Amino acid sequence: MQYLHTMIRVSNLEESLHFFCDLLGMVEISRKSSETGRFTLVFLAAPEDEVRAREEKAPMIELTYNWDPEEYTGGRNFGHLAFRVDDIYALCEKLQAKGVTINRPPRDGHMAFVRTPDNISIELLQKGDPLPPREPWASMENTGTW
């Protein structure tokens, strides 16, 4: 397993970039905007992690700016921790067997979400290409939120 990023939602992207980059000294690694999804993602790394972030895409902070104003309550501004895993199906099977709810099953063989006992979202991402769809995951519905 490899730690990838921590996502936080921000209400003002420029103020947040000023704080993280200008004041804390973090470095912007990449930026992606989606007209359809109405959001911008900005990935940042600490200066000493810049090379790893550019080459391995980790470890980083993901700032998520949703274009439509939203008041973040209940910790919604903190998004999730993300980990790259060797076999997403095997890990989800192991977690489920131990009583963990798979909130967003890996239907696509690429991404799943679970929650910690304290309700913190954990994103699991398949290392490399997505695995071929497999049951029971391919037809499993979402449970709760992530």
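Student: How many bridges join E2 and strand E3 (residues 39–45)?
Tutor: This is a predicted model, where local features need pLDDT of at least 70, side-chain atom pairs count only at pLDDT 80 or more, and totals for chains, interfaces and linings use all residues. Residues are numbered from 1 along each chain as its sequence is written, and side-chain values use heavy atoms, with hydrogens and water left out. Strands (E, at least two residues) are DSSP runs, numbered from the N terminus, and two of them pair if DSSP finds at least two bridges between them. E2 and E3 pair in the antiparallel sense, and their bridges number seven.

Student: Which residue in E3 is the bridge partner of Ser34?
Tutor: E2 spans 27–34 and is an edge strand, pairing on one side only. Ser34 has its bridge partner in E3: Phe39.

Student: What is the strand order of the open sheet?
Tutor: The sheet has eight strands with mixed pairing. Its edge strands are E2 and strand E6 (102–104). The order is E2-E3-E4-E1-E5-E8-E7-E6.

Student: Which residue of E8 is the bridge partner of Val85?
Tutor: Strand E5 (residues 78–85) runs parallel to E8, joined by six bridges. Val85 is bridged to Gln126.

Student: And which residue in E8 is the bridge partner of Ala112?
Tutor: Strand E7 (residues 111–115) pairs with E8 in the antiparallel sense, over five bridges. The partner of Ala112 is Leu124.

Student: How many residues of E8 are buried?
Tutor: Buried means under 20% relative accessible area (1.4 Å probe, protein chains only). Ser121, Glu123 and Leu125 point one way, Ile122, Leu124 and Gln126 the other, and all are buried. For strand E8 (residues 121–126), the count is six of six.

Definitions and conventions: Buried means under 20% relative accessible area, exposed over 50%, partly exposed in between (1.4 Å probe, protein chains only). Helices (H or I, at least four residues) and strands (E, at least two) are DSSP runs, numbered from the N terminus.
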